[in-house]
Amino acid sequence: MGLTVTIHQPHYLPYSGLFDKADRADLVIWLDNAAFSKGGWHNRNRIKTHTGEVLLTVPVARSRAATGEIRDLPLAEARNWQHVHEKTVRQAYAHAEHLPYCDPLLDVLYRRPWRTLGELADACCAETMRLLGIDTPTVKASDLGTTAATKSARLVELCRRVGADTYLAGDGSRCYLDEQVFADAGIEICWQDYQPPRYPQLHARHGFLPNLGTLDLLANTGPGAIEILRAARTAAPQGAAA
């Protein structure tokens, strides 16, 4: 029986498209040794408040001792960011029916000391998967080791390290993925074709806002979140785990 793997960089409060991939795959590889992208989504995401969408950003610091990879990027010494983020979240979702369901995630994020972005993002993704009920095994790319120079070759090498014959790719990678590299390696690509789920949100005057951090989906729908996410799929990719 074949093995479908998906590969994604760990994020802070990631959107539900990441967990849609995790739910479809047989194995998730966290690309924790990817370079941090300033202005990207590694250390930030959006929630919905009474004023509309708000971006929550974890402050990071540059360090000569760090490689610039997500896993060892130090957090800035802004001691109150956790307090500010938790206060913002709890105010935004104070009237959400399932906010208490999110307490374990909020405790993980805001009641523990974090040294690096990698540690924080790993814990955030793991606890969110647990709340969603996704039990797909995970492994870190840094534990597998890669030497390939190009993005596509690196992904192929990671697939080979775990014995995968199918790669579940996010739609955003269409602009850079070299499909021939995968074909030459005998690895099939299945495209995610992600459809953002629609669900009841607070602060209706701002309309429905898609692709917020998964925290919004959990706070509003609780244990029903995973079924809402699955129902949004047009179809499971051929060869991928449904």
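Guide: Buried residues have under 20% relative accessible area, exposed ones over 50%, and partly exposed ones lie in between (1.4 Å probe, protein chains only). The structure is a predicted model, in which local features need pLDDT of at least 70 and side-chain atom pairs count only at pLDDT 80 or more, while totals for chains, interfaces and linings use all residues. Residues are numbered from 1 along each chain as its sequence is written, and side-chain values use heavy atoms, with hydrogens and water left out.

Visitor: How many of the residues of helix 1 are buried?

Guide: Helices (H or I, at least four residues) and strands (E, at least two) are DSSP runs numbered from the N terminus, and helix 1 covers residues 16-24. The buried residues of this helix include Gly17, Phe19, Lys21 and Arg24. Helix 1 is therefore mostly covered by the cut-off of under 20%, and its buried residues number 9 of 9.

Visitor: Which elements do the buried residues of helix 1 pack against?

Guide: Contact here means heavy atoms within 4.5 Å. For the buried residues of helix 1 taken together, the partners are strand 1, strand 2 (27-30), helix 4, strand 6 (166-169), helix 8 (214-221) and helix 9 (225-231).

Visitor: How far apart in space are Phe19 and Met129?

Guide: Along the sequence the two are 110 residues apart, yet in space the separation, C-alpha to C-alpha, is 7.0 Å.

Visitor: What separates the C-alpha atoms of Val89 and Ile187?

Guide: Val89 sits in helix 2 (residues 81-92) and, at 0% relative accessibility, counts as buried. Its contacts, leaving out residues up to four places away in sequence, are Ile47, Leu56, Leu106, Tyr110 and Leu215. Ile187 is 98 residues from Val89 along the chain, and the distance between their C-alpha atoms is 42 Å.

Visitor: How many disulfides does the count come to?

Guide: A disulfide is a pair of cysteine sulfur atoms within 2.5 Å. Cys125 is buried at 0%, but its sulfur lies 5.6 Å from the closest cysteine sulfur, in Cys124, which is too far for a bond. Cys159 is likewise buried at 0%, and its sulfur is also too far for a bond, because the closest cysteine sulfur, in Cys190, is 11 Å away. By this rule the count of disulfides is 0.

Visitor: What is the volume of the largest pocket?

Guide: On a 1 Å grid over the protein atoms alone, a cavity is a set of points where a 1.4 Å probe fits but cannot get out, and a pocket is an open set with protein on both sides within 12 Å along at least five of seven lines, lining residues having an atom within 4 Å of a point. Grid points are joined across faces, edges and corners, and a volume is the space filled by probe spheres set on the points. For the largest pocket that volume is about 890 Å³.

Visitor: Which of the residues that line the largest pocket are the closest to its centre?

Guide: The elements that give two or more residues to this lining are strand 1 (4-8), helix 1, strand 3 (44-49) and helix 6 (151-162). Of the 31 lining residues, the closest to the centre are His8, Gln9, His11, Gly172 and Tyr176.

Visitor: What volume does the largest cavity have?

Guide: The count comes to 1 cavity of 30 Å³ or more. Residues lining the largest cavity include Ser16, Tyr194, Asn211 and Thr214. Its volume is about 60 Å³.

Visitor: Near what value is phi of Asn211?

Guide: Asn211 is found in the loop between strand 7 and helix 8 and counts as partly exposed at 31% relative accessibility. Its phi is positive, in a residue other than glycine, and is near 60°.
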